Amino acid sequence: ASLYRAQRRSGDRPAAIASLTHWLEHDPTDDSVRMMLAMDHQEGGERDAAIAAYEQIVVRQPQNATALNNLAWLQFEKRDPRAMEHSRRAYALEPKRAEIADTYGWILLHNGDAKESLRVLQDATMRAPHLPTLRYHLAVALSRNGQQELARAELERL
C-alpha cells in the first residue's frame, strides 16, 4: 500500500496499478488492497475492471457497504439491474452515510419510486448539505414528485 501511494503521488499510475496487482497475485484475499485497486480503476474510468474488483470484495465481505455502494453506482451507470439490490444492501447497512443514501435514492428515482427516493435524498441532504451532486439529485426528486417550486429553490442554492 505504501509503494502504491508513493507511485501515485509521483504520477506513475501504471506502476502503482502493477504494484497492487502484483501484491494480489501473492495474496488474492487482501481486500484492502483490492479496494484500493477498485477505487483506482473507478477513478480512472475503467468501469469493468472496477466492477470486477468490487464484485470480488463483496463475495468475501457481503457487509462491506462501501464496496456495495460503489459497485451499485457503476452498475447503475451501465444500466445493470443488479444496481438496485446492491444499493439497497449498502443503504440497509449504513443508512446515515450521505453518499450511500444518495446512490440508493438516485437509483430508486430511476427505477420509478419517486416518493421513497425523495425521502431518502432529503435525509441525505440534511446530513451533507455541502455536496452539490446530492443537492442536484434532491432537486430532480422534488421535481418528479410535483414540487417544482422547492426543486427550483434547491437548484438556486447550488
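## Arg135 and helix α9

With a relative accessible area of 13%, Arg135 counts as buried (buried is under 20% relative accessible area, exposed is over 50%, and partly exposed is in between, with a 1.4 Å probe and protein chains only). Arg135 sits in helix α9; helices here are DSSP runs of H or I with at least four residues, strands are E runs of at least two, and both are numbered from the N terminus. Setting aside neighbours within four places in sequence, Arg135 is in contact with Thr125, Pro129, Glu154, Arg157 and Leu158, where contact means heavy atoms within 4.5 Å.

A word on the model itself: it is predicted, so local features need pLDDT of at least 70 and side-chain atom pairs count only at pLDDT 80 or more, while totals for chains, interfaces and linings use all residues. Residues are numbered from 1 along each chain as its sequence is written, and side-chain values use heavy atoms, with hydrogens and water left out.

Tyr136 is partly exposed, at 41% relative accessible area. Together with Leu155 and Leu158, Tyr136 forms a nonpolar patch on the surface, with about 290 Å² of accessible area between them. For the record, patches take residues with over 30% relative accessible area and no salt bridge, joining like charges within 9 Å and nonpolar side chains (Val, Leu, Ile, Met, Phe, Trp, Tyr) within 5 Å. The areas come from the Shrake-Rupley method with a 1.4 Å probe, and for residues only the protein chains shown count as cover.

## Aromatic pairs

The aromatic pairs come to three. The rule takes rings of Phe, Tyr and Trp (its six-membered ring) with centres within 6.5 Å; planes under 30 degrees apart are stacked, over 60 are edge-to-face, and the rest are tilted. One of them is Trp73 with Phe76, a tilted pair at 5.4 Å centre to centre and 45° between the planes. Trp73 and Phe76 are three residues apart in helix α5, so about one helical turn separates them. Trp73 is partly exposed, at 24% relative accessibility.

Trp106 and Tyr136 also make a tilted pair, because their ring centres are 6.1 Å apart and their planes are at 50°. This pair links distant parts of the chain, with Trp106 in helix α7 and Tyr136 in helix α9, 30 residues apart. Trp106 is buried, at 10% relative accessible area.

## Cores and Ala124

The largest nonpolar core has 28 residues, and those with the most contacts inside it are Tyr54, Ala67, Tyr91, Tyr104 and Val120. A nonpolar core here is a set of buried Ala, Val, Leu, Ile, Met, Phe, Trp, Tyr and Cys residues joined through side-chain atoms within 4.5 Å. At least two residues of this core come from each of α3 (31-43), α4 (47-60), α5 (65-77), α6 (82-93), α7 (98-110) and α8. Apart from it lies another core, of 10 residues, among them Leu109, Ala114, Ala141 and Leu142. Val120 touches Tyr91, Ala101, Tyr104, Gly105 and Leu108, not counting residues up to four places away in sequence.

Leaving aside neighbours within four places in sequence, Ala124 is in contact with Ala98, Ala101, Asp102 and Leu134.

## Salt bridges

The salt bridges number 17, counting a side-chain nitrogen of Lys or Arg within 4 Å of a carboxyl oxygen of Asp or Glu. Asp40 and Arg13 form one with an N to O distance of 2.6 Å. Asp40 is in helix α3 and Arg13 in helix α2 (residues 13-26), so this pair ties together parts that are 27 residues apart in sequence. Asp40 is buried, at 1% relative accessible area.

Asp48 and Lys78 meet in a salt bridge at 2.3 Å, N to O. That pair links distant parts of the chain, with Asp48 in helix α4 and Lys78 in the loop between α5 and α6, 30 residues apart. Asp48 is exposed at 51% relative accessibility, whereas Lys78 is partly exposed at 42%.

Most residues other than glycine have a negative phi. Arg79 is not a glycine, yet has a positive phi of about 60°. Arg79 lies in the loop between α5 and α6 and is exposed, at 74% relative accessibility.
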